[in-house]
Amino acid sequence: MYVYNLFGTAPEDFDRETTPSHVGRRICAIRQEEDMSRGELGEKVGLNANRIQQYENGARNPKFELCKQIAEALKVEVSA
């Protein structure tokens, strides 16, 4: 029996590696490895420290274009 999912994503397609909280934890970890503050990262991508914190905490999910900018600022590949 097929059940229609109103949100457009089947449960079997859910990938915890791309959830906002996982992406945010990776941004935070890499930023800290680079010894960079949230403010410094925000400056490089045109955001304030509060917005960076929201991404790191998983409260907001960065779009792919922003992920590319963040990755460039942190000197890593987007896949990191």
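User: How are α2 and α4 oriented to each other?

Analyst: Start with the general idea. Two packed helices are described by the angle between their axes and the distance between the axes. Here, the axes of helix α2 (residues 38–45) and helix α4 (residues 64–74) cross at roughly 120° and come within 9 Å. Axes are lines fitted to C-alpha atoms, for helices over the stretch in contact, and angles run from 0 to 180 degrees between N-to-C directions. α2 and α4 are therefore oblique to each other. Angles under 35 degrees count as roughly parallel, over 145 as roughly antiparallel, 65 to 115 as roughly perpendicular, and the rest as oblique.

This is a predicted model: local features need pLDDT of at least 70, side-chain atom pairs count only at pLDDT 80 or more, and totals for chains, interfaces and linings use all residues. Residues are numbered from 1 along each chain as its sequence is written, and side-chain values use heavy atoms, with hydrogens and water left out.

User: Is the crossing of α2 and α4 left-handed or right-handed?

Analyst: Right-handed. That label applies if the near helix is turned clockwise from the far one by less than a right angle; anticlockwise is left-handed.

User: Which residues of α2 and α4 meet?

Analyst: From α2, L41, K44 and V45; from α4, L66, Q69, I70, A73 and L74. Contact means heavy atoms within 4.5 Å. By class, this contact has 6 nonpolar, 1 polar and 1 charged residues. (Ala, Val, Leu, Ile, Met, Phe, Trp, Tyr, Cys and Pro count as nonpolar, Asp, Glu, Lys and Arg as charged, the others, Gly among them, as polar.)

User: How many helices and strands are in the chain?

Analyst: The chain has 4 helices and 0 strands. Both are DSSP runs, numbered from the N terminus: helices are H or I, at least four residues, and strands are E, at least two.

User: Which residues of α1 are buried?

Analyst: An α-helix has 3.6 residues a turn, so residues three or four places apart point the same way. In α1, the buried residues are H22, G24, I27, C28, I30 and R31. Their cover includes α2, α3 (49–56) and α4. Buried means under 20% relative accessible area, exposed over 50%, partly exposed in between (1.4 Å probe, protein chains only). A29 also lies in helix α1. At 27% relative accessibility, A29 counts as partly exposed. Its C-alpha is 9.1 Å from that of E56, 27 residues apart in sequence.
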